[in-house]
Structure formats: structure tokens, C-alpha cells
Amino acid sequence: MYRYLPQSLSSLLLLPPWEDKYGLSFLLGGMGTVLDSHFLALTAIVTVGYQFLFFVITALLKFDKVTDFAGSTNFIILAILTLVVKGSWHFRQIVLTILVALWGLRLGVFLLMRILQWGEDRRFDEMRNNLGKLAVFWIFQAVWVWTVSLPLTIVNASNRNPSIKPQDIIGWIMWSVGIAIEATADQQKLLFKNSPANKGKWCNAGIWKYSRHPNYFGEIFLWWGIFVASTSVLEGAEWLVVFGPVFLTLLLLFVSGIPLLEESADKRFGSMAEYRIYKNITSPLVPLPPAVYGRLPAWFKVAFLFEFPLYSRSFPHEERSN
């Protein structure tokens with residue numbers, strides 16, 4: 001009977017729920033529009049609450065095996081919540097929600113199974129008994145989830161529903177390529193580390209022959225795909241959601257991703273000639289044949305392939321590529 005709910009809260013509350021042929025989801029959608037038209041406050045509140053719950057579990061029980069699972073599943077919750085609350089069910093919204101949910105489910109289950117198998121998360125060795133550091137970690141994780149989810153949040157909150165455009169197809173393809181690379185890299189590294197023959201070695205099997213961090217490349221690429229697929233509905237200030245994939249890229253390139261892993265690997269394997277050769281001829285992020293990457297000039301690697309000096313702070317100076 002009603003195609004749209006009133007935009008005032010008072011008239012919204014007067015609408016008989018049984019006369020709404022779209023049911024509860026449509027009622028929630030109207031309330032969400034009244035309170036927060038772009039779902040920014042809604043997703044922030046849900047994210048903070050969800051992460052705070054796991055922070056309490058971690059702090060009280062000293063149980064940190066669910067940290068990555070909490071982050072990944074938070075994306076799923078925001079994706080489904082914003083889709084249901086809006087209740088418009090546009091094809092683009094459904095597709096992007098499914099893509100983000102699939103990514104979050106795969107990554108969450110993989111990381112949970114891996115940490116349960118390994119038995120400990122060394123990142124928390126210095127945090128378990130330091131409530132301040134632990135709180136900073138969970139705050140940062142909440143910021144990460146909310147920020148990276150922005151493109152999908154805005155798409156699911158939008159009333160615009162243009163026909164499928166080339167950027168939609170391009171974005172979906174980017175997501176498909178990215179998740180295939182990320183999932184393949186994760187599985188290959190897990191199998192490599194689980195083999196007793198590889199104890200004390202760095203992973204250079206499969207796609208790891210072509211990139212030192214192919215899983216990060218896949219994750220960055222798929223989230224840029226989500227952004228590209230969202231651009232057909234963006235208007236005005238909504239384009240600021242580009243900060244989502246930008247934030248993720250900067251995070252993995254300069255903060256908690258590649259720099260930490262490069263420093264750790266250099267300290268463990270830097271004295272091995274084979275490792276130094278591997279690092280000199282293998283791209284840090286974008287998969288490339290070693291024969292090609294190893295011959296590129298240093299300035300080109302820095303400018304276009306993210307071979308930044310901070311990745312070699314613990315690397316023997318005389319062995320760095322020219």
C-alpha cells in the first residue's frame with residue numbers, strides 16, 4: 001500500500017506495521033533514514049559495540065584467538081545490516097553485500113582455523129597484560145572495519161539505482177581477481193608452513209614466487225574493486241568513501257602490514273644468501289616474474305611497485321638491489 005515511509009519520526013510511528021507490505025525490514029529502513037540517512041552513525045555504533053564486546057572477552061579471559069574473526073565478521077554484520085535496514089534490495093546492493101560477506105566469511109573462518117591450529121597469536125605477547133595497548137588495538141580495528149566498509153555502506157544507504165554500468169562490471173571483476181589471489185596465497189602459505197620439511201624457511205612457493213605479500217595485494221585489489229563498483233551511485237561528498245580503500249592501502253603498505261612482516265623476515269632470514277636473492281628479485285606486493293622484477297631499476301621499483309626503503313631497514317645494506 002505504501003511505497004515510501006514518511007520522513008518524520010512522528011508520522012513513521014503512526015504507520016500501522018501490518019499495512020506495510022514490505023514488513024519489518026521496510027519499517028527499519030524508514031527509521032534508519034530518519035535517524036541517519038547514510039548509515040554512518042548506525043554502522044559506527046554497531047562496530048564500536050561489536051569490537052568492545054570482543055575487547056572485554058580478550059581482556060578478561062586473556063583469550064585473543066578471536067581477534068581477526070571479530071574484525072572479519074564485523075564486515076559481514078555491517079553489510080547485511082545496512083542492506084536490510086534500507087530495505088530497497090537493488091541488484092547492485094545485493095551483489096556488493098554478497099561479495100563483502102563472502103570475503104569476510106572466508107577470511108574470518110580461515111584466520112580462526114589457523115590460529116586455533118597454531119595455538120597463539122604473537123602480536124599479543126606484549127598486550128595481554130597491558131590494558132592500554134590492548135584497547136588501542138581494538139579501537140584501531142573498529143576504525144579499520146568502519147572506514148573500509150564505507151563504499152558498501154553508502155551504496156546500501158543510497159536511493160539511487162542506475163542501470164548496471166561498466167564500472168560495476170570492472171569492480172566485480174577486480175573483486176574476483178583479488179579474492180582469488182588472496183585465498184590462493186593464504187592456502188599456499190598455510191600448506192608451506194605446515195610441512196615439516198619447510199621448518200625455518202620463508203614461503204616462496206606458488207604465487208609467493210612472484211610477490212612477497214600476494215595476500216595483501218589480493219585484499220587491496222578486491223577492496224578497490226568494491227569502491228569502483230560503488231562509483232555509479234556516488235554523488236558529491238559521497239565520493240569521500242574513497243578514503244576506505246586508501247586507508248586500507250596505506251595501512252598495509254606503511255603501518256601494520258608489510259613493514260612489520262618485512263622486518264621480522266629480515267631478522268630471521270637476512271643472513272641467508274638464498275633469502276637475500278629472493279628479496280632482491282621478488283616484488284613486495286604486485287605479482288611479477290622475478291626475471292622481470294630483478295632487472296628493474298631501483299627508482300622504478302620505488303615509484304611504481306612499492307619497494308620502499310622502510311622495507312629494508314633490517315636488510316644487509318650490501319645485498320640490496322641497485
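Visitor: In what order do the elements of the protein run from the N terminus on?

Guide: From the N terminus on, the order is α-α-α-α-α-α-α-α-α-α-α-α-α-α. The secondary structure of this predicted model amounts to 14 helices and 0 strands.

Visitor: What pLDDT does the protein average, and where does pLDDT stay under 50?

Guide: Confidence is read as an average and then by stretch. The average pLDDT of the protein is 87, and 84% of the residues score at least 70. For residues 1-22 the pLDDT stays under 50, and the model has 26 contacts beyond four places in sequence for them. Residues 318-322 also have a pLDDT below 50, with 11 contacts in the model beyond near neighbours in sequence.

Visitor: Which residues does UniProt list under "transmembrane region"?

Guide: The unreviewed UniProt entry lists residues 39-61, 68-85, 91-113, 134-157, 216-234 and 240-261 under that heading. Such a record can be set beside the computed secondary structure. Over residues 68-85 the chain is 100% helix and 0% strand, with 26 Å between the end C-alpha atoms. Over residues 134-157 the chain is 96% helix and 0% strand, and the end C-alpha atoms are 33 Å apart.

Visitor: How is a pair of helices read, and at what angle do the axes of H9 and H10 cross?

Guide: One considers the approach of the axes, their angle and the residues that meet. The axes of H9 (residues 214-230) and H10 (residues 243-255) come within 9 Å and cross at roughly 170 degrees. Angles over 145 degrees count as roughly antiparallel, and H9 and H10 are therefore roughly antiparallel to each other.

Visitor: Which residues in H9 meet which residues in H10?

Guide: From H9, the residues are Tyr216, Glu219, Ile220, Trp223, Trp224 and Phe227; in H10 they meet Pro245, Val246, Leu248, Thr249 and Leu252. By class, this contact of H9 with H10 has 9 nonpolar, 1 polar and 1 charged residues.

Visitor: How many residues of helix H7 are buried?

Guide: In helix H7 (residues 150-157), 8 of the 8 residues are buried, so H7 is largely enclosed by the rest of the structure. The buried residues are Leu150, Pro151, Leu152, Thr153, Ile154, Val155, Asn156 and Ala157. These residues pack against H3 (40-61), H4 (67-86), H5, H6 (131-148), H9 and H10. For the protein as a whole, 47% of the 322 residues count as buried.

Visitor: Is Asp186 buried or exposed?

Guide: The relative accessible area decides the matter, with under 20% counting as buried. Asp186 has a relative accessible area of 9% and is therefore buried. Asp186 is found in helix H8 (residues 166-194). Leaving aside residues up to four places away in sequence, Asp186 touches Arg106, Leu107, Phe110 and Asn215.

Visitor: What does the relative accessibility of Ile94 make it count as?

Guide: Ile94, in helix H5 (residues 91-118), counts as partly exposed because its relative accessibility is 29%. Leu83 and Trp89 are touched by Ile94, not counting residues up to four places away in sequence. The C-alpha atoms of Ile94 and Ala79 are separated by 9.4 Å, these residues being 15 apart along the chain.

Visitor: What share of the contacts between residues at least 6 apart in sequence join residues at least 24 apart?

Guide: Sequence separation is the quantity to read here. Among those contacts in the protein, 75% join residues at least 24 apart.

Key
Residues are numbered from 1 along each chain as its sequence is written. This is a predicted model: local features need pLDDT of at least 70, side-chain atom pairs count only at pLDDT 80 or more; totals for chains, interfaces and linings use all residues. Side-chain values use heavy atoms; hydrogens and water are left out. UniProt positions are given in the numbering used here, feature names are shortened, and annotations may be inferred rather than shown by experiment. Helices (H or I, at least four residues) and strands (E, at least two) are DSSP runs, numbered from the N terminus. Axes are lines fitted to C-alpha atoms, for helices over the stretch in contact, and angles run from 0 to 180 degrees between N-to-C directions. Angles under 35 degrees count as roughly parallel, over 145 as roughly antiparallel, 65 to 115 as roughly perpendicular and the rest as oblique. Contact means heavy atoms within 4.5 Å. Ala, Val, Leu, Ile, Met, Phe, Trp, Tyr, Cys and Pro count as nonpolar, Asp, Glu, Lys and Arg as charged, and the others, Gly among them, as polar. pLDDT is the predictor's confidence in each residue, from 0 to 100. Buried means under 20% relative accessible area, exposed over 50%, partly exposed in between (1.4 Å probe, protein chains only).
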